[in-house]
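Q: Here's a model I'd like to go through with you. Could you take one part of it, look closely, and then work outwards from there?
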Amino acid sequence: MVKFMSKILIVDDEQKIRNVVREYAVFEGYEVEEAQDGMEAVEICRTKDFDIIIMDIMMPRLDGFSACKEIHKHKQIPVIMLSARGEEYDKLFGFEIGVDDYVVKPFSPKELMARVKAVIKRNAVPSSPTDSLKFEGLEINMSGRDVIVDGVRATMTPKEYDLLFYLVKNKNLALTRDKLLEEVWGFDFYGDDRTVDTHIKMLRNSLGEYRKFIVTLRGMGYKFETN
């Protein structure tokens, strides 16, 4: 069972899908609320907080991608996207706008719940007196999820933050692409090396001159290298 009853918002225009996800989520101990389209989800999130959102992409009034972008303007709530479309472009676009995971329909409700648990766990970053780090003009506060580049707060996607924090926690260690996929993207992520490479490129762009700390290990992966 889930401790402290985490709250889930299920967003899908298909009542059957909402019913199935709700049944499994309630069984796992989650508190559940529903929305039948992206517009309703945005309105609900204006006044309520959730630990995670499970959202379909193709919906009337406002699609899932647009709803995710609108919600993330005000709140950084983790999102798992549901879709009948499994093209790589859609997945990469989703990750670029801050989607945490991507599940293609038809899906296993048990697997979806495992992914929900993994995403919530990854985003529950405990506060620590040693989680503020500085590397030259790059300042990183993990519990506050703040990255400062030469005095200016960087604007990054949730997955960029997760990737950077994992690299920093394991600084000077060689990390394979498979290891990064497993630890940053989580439970059985259906991605490949290009997913990691794309996000490393985005992260380097966000870090400016401090991109130098992210070293490419040819044929293997990456590491965050400092003296």
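Where does aspartate 150 lie?

A: Aspartate 150 is in the loop between β8 (146-149) and β9 (152-153). Helices here are DSSP runs of H or I with at least four residues, strands are runs of E with at least two, and both are numbered from the N terminus. Before going on: this is a predicted model, where local features need pLDDT of at least 70 and side-chain atom pairs count only at pLDDT 80 or more, while totals for chains, interfaces and linings use all residues. Residues are numbered from 1 along each chain as its sequence is written, and side-chain values use heavy atoms, with hydrogens and water left out.

Aspartate 150 isn't a glycine, yet its phi is positive, at about 50°. Its relative accessibility is 47%, so it counts as partly exposed (buried is under 20% relative accessible area, exposed is over 50%, and partly exposed is in between, with a 1.4 Å probe and protein chains only). Arginine 61 is another non-glycine with a positive phi, about 70°. Arginine 61 sits in the loop between β3 (52-56) and α3, and at 61% relative accessibility it counts as exposed.

Next, a pocket. The second largest pocket holds about 190 Å³ of space, and its lining includes Thr155, Met156, Thr157, Pro158 and His72. A pocket is an open set of points on a 1 Å grid over the protein atoms alone, where a 1.4 Å probe fits, with protein on both sides within 12 Å along at least five of seven lines; lining residues have an atom within 4 Å of a point. The volume is the space filled by probe spheres set on the points, which are joined across faces, edges and corners. By type, the lining residues split into three nonpolar, five polar and three charged (Ala, Val, Leu, Ile, Met, Phe, Trp, Tyr, Cys and Pro count as nonpolar, Asp, Glu, Lys and Arg as charged, and the others, Gly among them, as polar).

Histidine 72, from that lining, belongs to the loop between α3 (64-71) and β4 (79-83). Its relative accessible area is 11%, so it's buried. Leaving aside residues up to four places away in sequence, histidine 72 touches Ile77, Val79, Ile97, Gly98 and Pro158, a contact being heavy atoms within 4.5 Å.

Now for the rings. The whole structure has five aromatic pairs (rings of Phe, Tyr and Trp, the last by its six-membered ring, with centres within 6.5 Å; planes under 30 degrees apart are stacked, over 60 edge-to-face, the rest tilted). Phenylalanine 135 and phenylalanine 224 make an edge-to-face pair, 5.1 Å centre to centre with 65° between the planes. That pair ties together distant parts of the chain, strand β6 (residues 132-135) and strand β12 (residues 221-224), 89 residues apart. Tyrosine 161 and phenylalanine 165 are tilted, because their ring centres are 6.0 Å apart and their planes are at 45°. These two are four residues apart in helix α6 (residues 158-169), about one turn of the helix.
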